[in-house]
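Visitor: Please take a close look at one part of this model, the packing of helices against each other. I would like angles, distances, handedness and the residues involved.

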Amino acid sequence: MTDKPLRLELHQDPSDLMELRDEWEDLLGRSATNTVFQTWEWNTLWWKHFGSSGGLFLITARTPDGRLAGIAPLMTSSEGDGPKRLGFLGGTDLSDYLDFIIRRGEEVPFFEAVADLITTHGELWDTLDLHCLPSDSPTLEHLVRICEKSGFPHTLVMEDVCPRVELPSSWETFLAGMNRKNRHEIRRKSKKIRREAGEYRYLNSSAPFILQDMESFIELHKKSDPAKAVFMNQTREDFFREMASCLHRAGWLDISFLEANGRRLAGLVTFKYGDSLYLYNSGYDKEFGHWSPGWVLISHSIEDAISKGVKTYDFLRGNESYKYRFGARDYVIYRYTVYRREEH
């Protein structure tokens with residue numbers, strides 16, 4: 001930690017994002033919270049497709065010798081004549097974990113300096129609205145303390161849960177750790193597809209077919225639920241397509257399918273990042289719902305993850321019951337809101 005003030009710079013020109021790539025990547029690896037949703041790739045892609053909804057308000061903090069100590073990846077937005085909001089890039093419908101990116105040991109000077117800068121630009125915001133904060137985020141300690149000390153009205157609420165499973169070293173050990181009923185269901189559903197479809201296979205996408213496979217996934221996603229069909233509008237489709245190319249090239253994204261008789265029954269988009277695998281999105285063909293293809297596909301995805309040394313299988317946001325049948329336990333994310341005005 002430096003004993004001298006950090007030098008802050010406010011970036012409101014989106015072209016500045018492009019120049020931060022290498023430093024951003026290095027800093028993220030040294031930050032207390034490090035997820036795929038905080039990567040330079042994710043944030044620049046999100047901004048490209050959804051940034052028109054607001055203005056960039058990205059802050060970089062540097063030590064006196066020029067070393068990057070922190071990034072506040074923020075943007076301004078408002079809805080009509082409603083309150084002006086300052087929040088994270090990444091949105092809440094596509095990103096599951098969001099946070100400031102801070103070199104370990106620099107948290108205190110970073111938050112003190114950023115809080116001062118944000119306060120001086122009070123004309124740009126009515127609320128500082130921070131979604132999807134991981135429960136172990138330094139933000140929940142340091143920024144909360146600063147706002148309490150400064151007398152800013154603020155609220156901290158549990159926003160959602162991200163159920164996750166800590167994986168053992170073998171599939172057999174994983175099955176042994178499940179309750180008897182759920183272990184039986186995995187085996188029964190797999191046998192049912194084999195018996196009725198003849199055979200099925202689990203397959204992962206490869207580089208030459210990643211865009212083609214994303215098209216297959218988008219089709220399955222839309223088929224599986226009317227709400228998902230509404231969610232997957234043209235803008236999000238375009239984001240998913242570019243995300244597939246970019247994140248697969250980085251070695252993070254995979255698309256897997258359950259296939260039988262030449263038909264794809266279900267699909268998953270997952271991110272392998274660090275020692276975690278994130279189940280980002282899923283879809284299945286309701287015509288084959290009686291085979292529970294989603295359940296079977298997830299079981300193969302977990303088995304595959306174990307074979308690759310993954311330590312944590314993260315189902316991401318939502319408390320859907322199927323996640324707990326695989327032994328997931330809740331990991332809480334928070335929403336922290338600071339109000340510039342007394343009336344709220």
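Guide: A crossing is called left-handed if the near helix is turned anticlockwise from the far one by less than a right angle, and right-handed if it is turned clockwise. Two further quantities describe a packed pair: the angle between the two axes and the distance between them. The axes are lines fitted to C-alpha atoms, for helices over the stretch in contact, and the angles, from 0 to 180 degrees, are taken between N-to-C directions. Helices here are DSSP runs of H or I with at least four residues, strands are E runs of at least two, and both are numbered from the N terminus.

This is a predicted model, in which local features need pLDDT of at least 70 and side-chain atom pairs count only at pLDDT 80 or more, while totals for chains, interfaces and linings use all residues. Residues are numbered from 1 along each chain as its sequence is written, and side-chain values use heavy atoms, with hydrogens and water left out.

As background, the protein has 12 helices and 14 strands. Its C-alpha trace spans about 65 × 40 × 40 Å along the principal axes. For 344 residues a compact globule would have a radius of gyration near 20 Å, and the 22 Å of the protein agrees; that radius is taken over C-alpha atoms, and the globule rule is 2.2 Å times the number of residues to the power 0.38.

Start with α7 (residues 180-197) and α11 (residues 293-307), whose axes come within 9 Å and cross at roughly 110°. That angle makes α7 roughly perpendicular to α11; the classes are roughly parallel under 35 degrees, roughly antiparallel over 145, roughly perpendicular from 65 to 115, and oblique for the rest. The crossing of α7 past α11 is left-handed. In contact (heavy atoms within 4.5 Å) are Asn182, Glu185, Ile186, Lys189, Ser190 and Ile193 of α7 with Trp295, Val296 and Ser299 of α11. By class, these residues are four nonpolar, three polar and two charged, where Ala, Val, Leu, Ile, Met, Phe, Trp, Tyr, Cys and Pro count as nonpolar, Asp, Glu, Lys and Arg as charged, and the others, Gly among them, as polar.

Next come the contacts of α10. Helix α8 (residues 210-224) packs on α10 (residues 234-249) at an angle of about 140°, the axes being 10 Å apart. This makes α8 oblique to α10. The pair crosses in the right-handed sense. On the α8 side the contact involves Ile210, Leu211, Met214, Glu215, Phe217, Ile218 and Lys222, and on the α10 side Glu237, Phe240, Arg241, Met243, Ala244, Ser245 and His248. That contact has eight nonpolar, two polar and four charged residues.

Helix α3 (residues 40-50) also packs with α10, at about 155° and with the axes 10 Å apart. The two are therefore roughly antiparallel, and their crossing is right-handed. From α3, Glu41, Trp42, Leu45, Trp46, Lys48, His49 and Phe50 meet Thr235, Arg236, Asp238, Phe239, Glu242, Met243, Cys246 and Leu247 of α10. Here the classes come to eight nonpolar, two polar and five charged. Met243 of α10 is listed in the contact with α8 and again in the contact with α3.
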